[in-house]
Amino acid sequence: MTLTDLPMPGTATVRGACPCDCPDTCALEVTVEDGVATRVRGDRSHPFTRGGLCVKMNDYERTVYSPDRVLYPMRRTGPKGSGQFERISWDAALDEIAARFTEIAETFGPEAIMPVSYLGTQGILNGLNVGDPFFNRLGATISERTYCDSGSCTAYAMTVGPTAGVDPESFVHARYIVIWANNMLSTNLHLWPFVAEAQRRGAKVVVIDPVRHRTARHADWYIPIRPGTDGALALAMMHVIIGEGLTDEDYVARYTVGAAELAERVRQYTPEWASGETGIPADDIRTLAREYAAASPSVIRIGVAIERHAGGGQTVRAISCLPALTGAWRRPGGGLLQLPLWAFPVDFPAFLGAEFIRPGTRVVNQWLLGRALTGRLELDPPIRGLMVYNSNPVVVCPEQEEMVAGLSREDLFTVVSEHFMTDTADYADIVLPATTQLEQRDLMFSWGHFYVTMNTPAIAPLGEAVPNTELFRRLAARMGFTEPVFTRTDEEMIEAAFDWSSPVLEGITPETLERDGWARLRLPGPDEYAPHAEGGFPTPSGKVEFLSSAAAGGNFVLPLFRQGSTEHQSGEPVDPLPHYVPPREAPGTGPFPLTLLSPKSHAYLNSSFADRPGQQRVQGDDTVVHMHPVDAAARGLVDGAPVCVVNDRGRFAARLQVTDDVAPGVVVSPMGGWRKHAGGATVNTLSPSVFADLGRAPTFSDNLVEVRPA
Ligand SMILES: Nc1nc2c(c(=O)[nH]1)N[C@H]1C(S)=C(S)[C@@H](COP(=O)(O)OP(=O)(O)OC[C@H]3O[C@@H](n4cnc5c(=O)[nH]c(N)nc54)[C@H](O)[C@@H]3O)O[C@H]1N2
Ligand SMILES: Nc1nc2c(c(=O)[nH]1)N[C@H]1C(S)=C(S)[C@@H](COP(=O)(O)OP(=O)(O)OC[C@H]3O[C@@H](n4cnc5c(=O)[nH]c(N)nc54)[C@H](O)[C@@H]3O)O[C@H]1N2
Ligand SMILES: [Mo]
């Protein structure tokens, strides 16, 4: 990017794209006056996001120009965690990083260095894979990233293949909408108007969730469920649908594999049995199954949270079978919405640098980072160098106390690239300034709609901030890496980002996107799009695989979620039929009888924005835990009481909110708040670093705790 690309004097409107890790990827319009961004608003002409921005983004210019921004490279001057730093030059920072990484690699081997990153921005250029070629070339430990949807995607791909699924805009045609483990009005806001429109046209909206959240309050039927038992519900629905002959026999015969085996399998999963698991009356399970099967088309929206317990993968396997059994896929607005990201022809291999990976390079899952840093996870060589970008692991990873202990190690050299001094940045040796979306160029896919969006830089970088792409160009140059991938410009990366010759991009070029801001993929419109009306599933058989051939090949992690690899990484074989995996530990008994959920905060984006005063005012600036009146009474706790939430991994302080919006036996404390604001530990202190059954998904909903007076 050069300054001459930028609108300078006068007033201009620049088209952008929200960078947030959210399904909605809103199209932005940035007003720039004399080089200063004065207003950020949504593009009203965008058919999906329609001009409305959420509470996180509707004053984004304040975040960009916040006096708290990190604008210059800094070196630590005080003890780790103290947040004491001095400004240094980019040259000094790059010299020090190159010298320390080289020394670590020569002394202990390059695997002693580990990158840590996730989705601070989800731009194709600056997001998930931006550092992968650099670290693969260096020979660093491969950092496996399975925070989000990896178990769900694995299960979905095993069953229906990596299909975009239902067009979210065609939800208006649905007659029956099941919102399953998704607080849409907080986390997928722009899908809601399509649901509401369907509801106005007579559709029934069902919400299945242990929490009666703001979305559930708009449902026609709210079904509370015990966390981690959704698999039992889905299997029992199949028991009813198959047992009562409510299947679309023609669809099943033509477009599915393993129907007879599935029927045999689900015979055992009666509504009475599922009622015992889920806490839902058996008659309600029957009613749900019958209504779902009778309505046409019916659609299921699953949230990411559905995967976060021991049996999360099998839950998604079971749910993915439902629309094929009833033939819901036949019509626009029928089927399943999981992750429409698969519709975009992203050329991931062009961004992974997988060609640099030396055979046998070790893989460490970021979910185990705390343990990897303290040595509880034995690693040879131990991690000596860490580079964090696009992530705030202190807040978003489990076993937070372990993480902090690990990051405090004096023999660990840590680099953090950030917008703000997060709880993680406080432990850095070197902090580097990163640009925000208004200061950088990027190209965005979406995991919530079918539009490509171009983000054109609106203003010059503030201070000495650089885009992640530029950061890794600079680091590569310092390390002497000269392969072409390390000198590509942002414009060349945009050329490489998609297979521009793909039919879904016909007539769409970087130039048209820069002009228009966004474009719908060249797919049939939402009134016609029924991708699986006649099968055509991207599975090995081309059909919905009730009996999954991929499962036999092993429990895999899709390449997208792994750093640097274009291969599925396979593990142990998996039962090819969907089955029930109960929560790891049974709540209700033992020293920790309550299940703790830590869903997203309405006003924060994971831990981003949790330091912004405007967003704090909306969210409320103290840590809360919600509890049912019965559980509160049993503990002699009253609304507003200061409490301590504990388990054998640690404790955090919170204010109690007594509410019958949560089911008995469940407590809820939203994630995202920072330690430095909470004055100590936050909710992930209590989360386990145990994986779910598929795709190495995290299990923070499978988390038993007790709540005590402070
Ligand atoms: N405002 C806001 N929006 C966001 C984000 C944010 O941090 N803030 N984060 C973005 C990201 S990265 C993601 S992954 C998405 C996630 O968005 P969602 O998919 O909505 O995920 P969560 O908010 O974690 O949880 C949604 C609901 O799942 C419920 N739940 C938890 N466990 C279970 C269970 O076992 N069964 C059932 N049926 N329900 C359960 C919770 O009670 C919660 O109400 O949101 C994105 N959008
Ligand atoms: N208990 C619990 N834990 C969870 C979850 C949960 O629901 N409950 N959700 C999980 C999920 S689904 C997800 S996706 C993860 C999210 O985990 P992360 O992706 O780590 O999300 P954030 O906390 O938003 O941290 C992103 C950081 O990147 C920085 N950043 C933003 N843009 C840029 C940039 O362009 N360059 C650089 N260098 N930095 C940038 C931001 O300032 C921010 O500090 O958390 C997971 N952790
Ligand atoms: Mo996520």
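Reader: Are Y251 and Y255 buried or exposed?

Author: In this predicted model, both Y251 and Y255 are buried, where buried means under 20% relative accessible area, exposed over 50% and partly exposed in between, with a 1.4 Å probe and protein chains only. Residues are numbered from 1 along each chain as its sequence is written, and side-chain values use heavy atoms, with hydrogens and water left out. Local features need pLDDT of at least 70, and side-chain atom pairs count only at pLDDT 80 or more, while totals for chains, interfaces and linings use all residues.

Reader: Where do Y251 and Y255 lie?

Author: An α-helix has 3.6 residues a turn, so residues three or four places apart point the same way. Y251 and Y255 both lie in helix α8 (residues 249-255), 4 residues apart, about one turn of the helix; helices are DSSP runs of H or I with at least four residues, strands are runs of E with at least two, and both are numbered from the N terminus.

Reader: Which aromatic pair is stacked?

Author: Rings of Phe, Tyr and Trp (its six-membered ring) pair if their centres lie within 6.5 Å, and planes under 30 degrees apart count as stacked, over 60 as edge-to-face and the rest as tilted. The structure holds 21 aromatic pairs, among them F135 and Y389, which are stacked at 6.3 Å centre to centre with 5 degrees between the planes. This pair links distant parts of the chain, with F135 in helix α3 (residues 132-138) and Y389 in strand β15 (residues 385-389), 254 residues apart. F135 counts as buried because its relative accessibility is 0%.

Conventions
Chains are lettered from A and ligands numbered from 1 in the order in which they are written.
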